[in-house]
Amino acid sequence: MKTLKIKDNSQQPKEVFSHIKNLTGKIADKTLKQLECEGVFVFPDTVNEAGDITQDQTILQSVNNAYRSSNVMGFLGYGNERLIIESRFCGECEDYFFQYLLDKTLDFPNIVDLDSNANQNDRMFSFFLFLFPHYLKTALRKGVFKKYILRRHNDGNLKGAIDVAKHIRTNTPFVGKIAYSQREFSYDNSLMELVRHTIEFIKRKPYGNKLLVKVKDEVKVVVDATPGYEPCDRQRIIEQNKKAPVRHAYFREYLALQRLCLLILRYQKHQIGFGMKRLYGILFDGAWLWEEYVNLLIGDAFYHPMNKEGKGAQRLFDGNVGLIYPDFISRNREKRMIADAKYKPINNIGNRDYLQTLAYMFRFDAKIGYCLYPEQENAGYQLLRMNQGSTYENNVAPRDDISVTKHGLKIPMDAQNYADFIERIKFSEQEFVSLF
């Protein structure tokens, strides 16, 4: 197995990628949208929904004789080559920070340690298994998938087209029955059967029931919708779904679920990627994970508009002009505060970030703003007081009432193991939230 580890938002000479040149050739300078079309999962669900990553963003961008990674973490594979993209905030040890973000926001178990002696394919496959509850829940928000299917009958209640050949074969001499076929709009179709087979597959895993209990209501809906389920039909159901992917735009969440189910069910036969010449992987938006994690810490004190779900939309001007989604708006109306989650080091928080935060502060009559970032070193608490006056009039002076503060959450960079990391970051969280 040829494996390369790099950091997100880093730049490496092209020769570093020489031992995974086949994989690099498949992903270099390709957009997230192109990689999604080739089977790579981008989380949240699709790049169309991610506020911090865009369809035209690349995973590896050619910059002279180097490749630069972007704001995503995860892994990609092609044949026996693997690329693991870690968080830049993990230091030189294992990527406990990425693991912790997944654990807190998506309730993932400890599967990020991809470089151990354990079977790497199994560890990578675990990512897809533990994503299943999320994709199942998201898809079923649109209701149970229903489509026309062709059912064949042989009884006295003729309701469709007569199947002459079958009728002659099975009903001679005539016994009062007629063989016919009928198109029916049904919940018990190939896609729902595929989901049911995936559920039964996961149940047989040691952690399967614990994983599915998080979506027990959704599992019950699928089981009730598939009375025709037969374990021996799995291969036939897989083939039907390979030939008939979901195409209707309204059910795009079911397309993601269908892709995931196919990958899970075909793993035992072909391993991940459906064979040696198939690109596969999963990528997480680091900025989204950080923002959702921060919300878990300060959500009691702040509103959290969510552009990916279209919740909490705000407008800059009357007449529904100027759609904005500030990360966090304090619930305290008397002492309003605005906070922006920034998945970047303190020194990378600059003018564009200041302007965005100040614009939100001006819109909501807030005099206090925060840029919340992961802290690698003891950079501390940086208070920026807004200036007043003009250099033309030689009267520039800091104001006492308006400020933007860079406020970091200390990340344990030298944790001995994951348990040590959790214990130490709990202290960091307490210090972080005490300000609010």
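Q: What share of the contacts in the chain with a separation of 6 or more is between residues 24 or more positions apart?
A: It comes to 70%. Contact here means heavy atoms within 4.5 Å.

Q: What am I looking at, and how is it numbered?
A: This is a predicted model, where local features need pLDDT of at least 70, side-chain atom pairs count only at pLDDT 80 or more, and totals for chains, interfaces and linings use all residues. Residues are numbered from 1 along each chain as its sequence is written, and side-chain values use heavy atoms, with hydrogens and water left out.

Q: How many helices and strands are in the chain?
A: There are 13 helices and 19 strands. These are DSSP runs numbered from the N terminus: helices are H or I with at least four residues, strands are E with at least two.

Q: And how much of the chain is buried?
A: Of the 436 residues, 49% are buried. Buried is under 20% relative accessible area, exposed is over 50%, and partly exposed is in between (1.4 Å probe, protein chains only).

Q: Now the helices. At what angle do H6 and H8 pack?
A: About 125 degrees, with the axes 9 Å apart. H6 covers residues 190–203 and H8 covers 216–225. Axes are lines fitted to C-alpha atoms, for helices over the stretch in contact, and angles run from 0 to 180 degrees between N-to-C directions.

Q: So what do you call that arrangement of H6 and H8?
A: Oblique. Under 35 degrees is roughly parallel, over 145 roughly antiparallel, 65 to 115 roughly perpendicular, and the rest oblique.

Q: Which residues meet there?
A: Met192, Val195, Arg196 and Ile199 of H6 meet Val219, Val222 and Val223 of H8. Six of the contact residues are nonpolar, none is polar and one is charged. Nonpolar means Ala, Val, Leu, Ile, Met, Phe, Trp, Tyr, Cys and Pro; charged means Asp, Glu, Lys and Arg; the others, Gly among them, are polar.

Q: Where does Asn189 sit?
A: In the loop between strand E10 (178–186) and H6. Asn189 is buried, at 2% relative accessible area.

Q: What does the side chain of Asn189 reach?
A: The backbone oxygen of Phe145, at 3.1 Å. Beyond neighbours within four places in sequence, Asn189 is in contact with Phe145, Lys146, Lys147 and Ile149.

Q: Switching to Cys93. Where is that one?
A: Cys93 is in the loop between strand E7 (81–86) and helix H3 (96–106). Cys93 is partly exposed, at 21%.

Q: What is Cys93 in contact with, leaving aside neighbours within four places?
A: Met413 and Ala415. Cys93 and Met413 are 320 residues apart along the chain, yet their C-alpha atoms are separated by 7.3 Å.

Terms used:
A polar contact is a pair of N or O atoms within 3.5 Å; within protein, one must be able to donate a hydrogen and the other to accept it, and residues adjacent in sequence count only if both atoms are side-chain atoms.
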